[in-house]
Number of protein chains: 4
Amino acid sequence: MATMSKLKWGMIGGGEGSQIGPAHRLGALADGHFAFAAGALDHRPDVGREYGQRLGLDADRSYGDWTEMLSGEKAREDRIDLVTVATPNATHFEITKAFLEAGFNVLCEKPMTMTVEEGEEIVKVAEKSGKICAVNYCYSAYPMVRQARAMVRNGELGKVRLVVTNFSHGHHGDATDADNPRVRWRYDPAMAGVSGQFADCGIHALHMASFICDDEVKTLSADFASTIPSRELEDDAMVNFRMEGGTVGRLWTSSVAIGRQHGFDIQVFGETGGLRWASEQPNQLIYTPVGGRTQVIEKGEGGLYEDAQRLSRVAIAHPEGFPLAVANIYCDLADAIRGENRDGLPNAAAGVRSMAAVHTAVESAKDGGAWLDARPSIFR
Amino acid sequence: MATMSKLKWGMIGGGEGSQIGPAHRLGALADGHFAFAAGALDHRPDVGREYGQRLGLDADRSYGDWTEMLSGEKAREDRIDLVTVATPNATHFEITKAFLEAGFNVLCEKPMTMTVEEGEEIVKVAEKSGKICAVNYCYSAYPMVRQARAMVRNGELGKVRLVVTNFSHGHHGDATDADNPRVRWRYDPAMAGVSGQFADCGIHALHMASFICDDEVKTLSADFASTIPSRELEDDAMVNFRMEGGTVGRLWTSSVAIGRQHGFDIQVFGETGGLRWASEQPNQLIYTPVGGRTQVIEKGEGGLYEDAQRLSRVAIAHPEGFPLAVANIYCDLADAIRGENRDGLPNAAAGVRSMAAVHTAVESAKDGGAWLDARPSIFR
Amino acid sequence: MATMSKLKWGMIGGGEGSQIGPAHRLGALADGHFAFAAGALDHRPDVGREYGQRLGLDADRSYGDWTEMLSGEKAREDRIDLVTVATPNATHFEITKAFLEAGFNVLCEKPMTMTVEEGEEIVKVAEKSGKICAVNYCYSAYPMVRQARAMVRNGELGKVRLVVTNFSHGHHGDATDADNPRVRWRYDPAMAGVSGQFADCGIHALHMASFICDDEVKTLSADFASTIPSRELEDDAMVNFRMEGGTVGRLWTSSVAIGRQHGFDIQVFGETGGLRWASEQPNQLIYTPVGGRTQVIEKGEGGLYEDAQRLSRVAIAHPEGFPLAVANIYCDLADAIRGENRDGLPNAAAGVRSMAAVHTAVESAKDGGAWLDARPSIFR
Amino acid sequence: MATMSKLKWGMIGGGEGSQIGPAHRLGALADGHFAFAAGALDHRPDVGREYGQRLGLDADRSYGDWTEMLSGEKAREDRIDLVTVATPNATHFEITKAFLEAGFNVLCEKPMTMTVEEGEEIVKVAEKSGKICAVNYCYSAYPMVRQARAMVRNGELGKVRLVVTNFSHGHHGDATDADNPRVRWRYDPAMAGVSGQFADCGIHALHMASFICDDEVKTLSADFASTIPSRELEDDAMVNFRMEGGTVGRLWTSSVAIGRQHGFDIQVFGETGGLRWASEQPNQLIYTPVGGRTQVIEKGEGGLYEDAQRLSRVAIAHPEGFPLAVANIYCDLADAIRGENRDGLPNAAAGVRSMAAVHTAVESAKDGGAWLDARPSIFR
């Protein structure tokens, strides 16, 4: 619970019945950093206005759509300090750009944009605006992920040789359910874009690899498969990559891995040690020094790095889960808005790098696994 | 996020720097059911008043002590709907009683009282008041604990024969740290009362056994040990018990089990199946039907019982942890205040039964493990 | 594979179709220490003689019964070096005694005897004979159990405060199968003696506690239950105990713990660390130094104690299982016969202490959990 | 323990101090199917002869080298029924071929040959001879691996879409130990051939994928890395593949994955379910039916397929480990020699397919991950 006066927060999207709305509201409000001050919560203006007021917004700040909200908030002295963009993917670019240009800090859901070009534009707009543009790669805000990154940064693994990550589940593995609209759209280019499972889940794993290794993907080679034949986009992918610093990367993602519920894990192997973290047991980090015994590092134990300590709320071995990882993004945002250095926040550069990786992987997979440069042109 | 207007919530205790204050505020506010409206947060009136205002309380509802808060809130039309009592243990009885008598709903931290007699009085006062008196046995609000209870209630295990539970950690296992005041008081009768580890942790396990089995402890036999000799109260205890319905119970609790971080688990064995739940992996329930294979029941899977569904926020295999178990207590409280039947809420009866079990175990341990009636006299 | 000439080995019991016969033959022969030289394998003389010859015994050493084998072997120059007694429980005493008195080394299946008095007699006979009398507490021969004992002996845990062990399965949890003769006899005093599950499985756990702690049980208090009402003997038991050196002990054993397949584990907590070993993952030992991180000690890693190294055959992380734990007993027997000090071998003293614990626990459970001296009179 | 007269077994290689010698002797002798009858155990004739006699071989069957053993055994009426070839890799081809041509059954250590051409020749020689030529892919003889294969064969997973397997350890991850001769040779083409880690460990995983899926690798694309720069051959590899039936395959193998002790696991995903098996917990198979809960299939439970039952020795949840997986190969060999159909035995075709996969992966990795036909020409 913050002891300074609360920051004002607004949200676009996340209407009644969505899962993403409650997740962001819990995240923003859990630790008392933000007050919910404005919103345009539904694509149906009246529905959104009414719902916002039920959630406690003042009538004049429960807007009918994002353009109305943009002009309304711009005109106020007590304008919101942060806006969360949780609308359908194809609208992220336009809304994020407009709010940044108007001088608002933005948290954008992933994917930040649909194309690399749009992403590059956001990077430039954000830079020019001097405002925060964060992307919700919320897994990176788990305390023990931050611990992992700090260990790498502090040289505890030596030079990182190899990173291996998986994000594989089986929830789209039932072919008899493949026409279910809730599932089908993800494999339909008209709705999902150029990539299915890699863009949906794999990209979290790729971000995590860069995040923990504190390095960026340089080249990649991909193998995509549609194991359910009716699918146009891939439901299983393997991506090999190399990072700028030479680290070898391996990433497997699947949505047909029946029995894996949420199999997101990452292993990092360096000259002097190895690490393992898994999202289904997020409060432990498994560490092995070269030549030594495997150890369990527990969230809350003594001597953790600052980020890992700061983003944990309860004592050792009391688990904290996914909703509070989202809340940790908001903790960092509150601090950053107040002027702290929170370089753990995934930014627009991370957003465009992901988009470039998706497009490059699609191209590589079509070209028999050719090794291609995966960087946005602005980062080459 | 609730869509009705928010309930008003107040808190006594939980001042700046405490761990319990943020935990309750997160719990109460995370899902949008409550607005933080009043508080008496510190035993130093000025400090508490100032801190409350920093947390956003109006000046006239940031009180100097609980008596001031009681009279202040009683006098208001818009009085709080719920007060949380998170003060030192010895004060729980007095405050809880006073607020119940004044017609407030109360959530009391455990232990509800220090003696059985006080506990019996709270039961009577609560009954007479018609108000809710809940006790914060928050582990019972994990979704998969609710699933376990529902499975037992619906006969999925048949008659329950046996329940085995442990709550053992090693955080007080360092004799060189035994004089640390943060540790020592727990083993000092002047401060902790009649029991150390059993009253501190074991009682959560005993409540859990009753809660899942939907039955009550009738008799018990205890073996206590102070494995660090300087301790007057036990740091390790084994309690065998029998429930009203004949179920055999076994409970081990320890604070010197070096290597166990938070080893709270429970196993329930019935005529037609067995269950296992562990607080370090709270989102899974392990189930074995007699003669069949062991299965993993996942939070968020299809077909769970209503309580387990309702108290989960995110999709299958996205972990939810301890702070949201506390939040679940508040979800149930909000619903109960609004008139829903939420019989999963631990109540004053649970509070006094725990106290009776503690006092009976102490007596049994002194008497060489004699089997004694563990029920408060009002429930015999 | 030994490189000295093989020792000669004989077996009583373990006829065709038994599980125990192949287990002992594999154990004795796996590492090449013994040659199978004599046997009386079946209670039906002709059947046993024929089966022994099929297994490769010479006709004159495939005996009809144990008395014939005793006189036959006594008369030979090339008499067997070791005899294994794997007959029904009630006959162990008589056969073991006779072979010891005739100057043979004996490996007796557990229980060594049915009464404490018989057990005490075996201790005396063994001592007088100067021969080895081992009892097949084979779990104690897992490499990582030996590592645990060596760590305790070498003070790596400091003084041991607490030992907690479970041996609980659910294979007798189906009441509809309770009359199955294969199950029923275990709970029938006419066939099983004074105790059911505690004598059958619990006693392995009690032996393990003494073995690893390098100490002996002094007093105990027991709680027995027949959770399936038709059973005369207990199918679930809790035994609290104190060791000679003051260590507190807790032992739970059950045969109705549905879902536990073979839940034999042990935790040892000392002043400066804790250990955990489980029979379902026998190749790892979990160790936590006080104030430090939990570590995994792997069979085959560098720096293990001599016993743990010697009794492992394959490289790190290649699992070795139960049959080779039995084989390890035979490795130690071969070495001991050849004059090595193999004090890890469970001996007649261990056998009679177990029997005394069983009888004491039965008495204590009948007497409401009274604390009783659990030592055989010769060890008081 | 077999009840028929024993088969006669001989061994080439596996001299004193080797690890492979005791492993094969235990495997061959554990279950009583074979008697150790002949051997040429050391490349130093006198040493081998002497050692063989110490192990109990008759002087005239403890040979100085394999050519002497070949002519000696050919000349005998009571010639050996099976010879195991456990010599250095480069000699496997010559010895295996010679014994097959002379009419002996052979168990050859992996790799069966160094080149694909040699492998194809062995296939032809074996076929012509009518004798058994088995290759020691012993992981495939674990009971629960056999269960997995039987489940696939019986359609329990539907059509297999995807197989994902890893064989990764960190035992060569210490760069300061890279010049240790015991490690270095594996990455030196002069000694190891064309491939390092993939040929050493990855090939077990590739065989396992084919074995369980009951299908063969058709094409592959590889990415190799030498993460320790001084290494000429790869210490980390990713191989994507497609099977004849269309199954997508993914295989990661590494020797620098610090913290993984022996990380060999496999996941198989089909239309109607998924399976997971791991060599460090070999006695369980994890199974999830589509839309259902994850289940644990235990070695020894009722209703397993015949192969899984037959190759298990002790009751449910008593672990059996690696040495007995080798013994299972010998069980199958004994049965096959006696005329049973034991099609689980890895044969010469499996041996040459592995070799073709190694050479193809090397070529693909050099060619930027090009997709290449991985089949030996005789199987195209």
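**A two-domain interface in chain A**

The side chains of K110(A) and D200(A) form a salt bridge, with 4.0 Å from N to O. This contact belongs to a predicted model. The count between domain 1 and domain 2 of chain A is 2 salt bridges. Polar contacts also cross this interface: 8 residue pairs, both partners at pLDDT 80 or more, meet the rule.

The two parts were set by the domain assignment. Domain 1 of chain A covers 7–138. Domain 2 of chain A is written as two stretches, 140–314 and 347–366. Taken over C-alpha atoms, the domain centres lie 26 Å apart. Contact involves 18 residues of domain 1 of chain A and 21 residues of domain 2 of chain A.

The size of an interface is often given as the accessible area lost when the parts come together. Here, about 1400 Å² is buried between domain 1 and domain 2 of chain A. Carbon and sulfur atoms give 64% of that area. On the side of domain 1 of chain A, three residues lose the most area to domain 2 of chain A: K110(A), V116(A) and Y137(A). Together they account for 42% of what that side buries.

The domain 1 side was then examined by element and by residue class. Two elements of chain A each give two or more residues to the side that touches domain 2, namely α5 (116–129) and β5 (133–135). α5(A) gives the most, with 5 residues. By class, this side of domain 1 of chain A holds 11 nonpolar, 4 polar and 3 charged residues.

Definitions and conventions. Residues numbered from 1 in each chain as written. Chains lettered and ligands numbered in written order. Predicted model: local features only at pLDDT ≥ 70, side-chain atom pairs only at ≥ 80, totals over all residues. Heavy atoms only, no water. Domains from an automatic or database assignment. Contact = heavy atoms within 4.5 Å. Buried area = accessible area lost by both parts, 1.4 Å probe. Polar contact = N/O pair within 3.5 Å; in protein donor to acceptor, adjacent residues only side chain to side chain. Helix = DSSP H or I, 4+ residues; strand = E, 2+ residues; numbered from the N terminus. Nonpolar A, V, L, I, M, F, W, Y, C, P; charged D, E, K, R; others polar.
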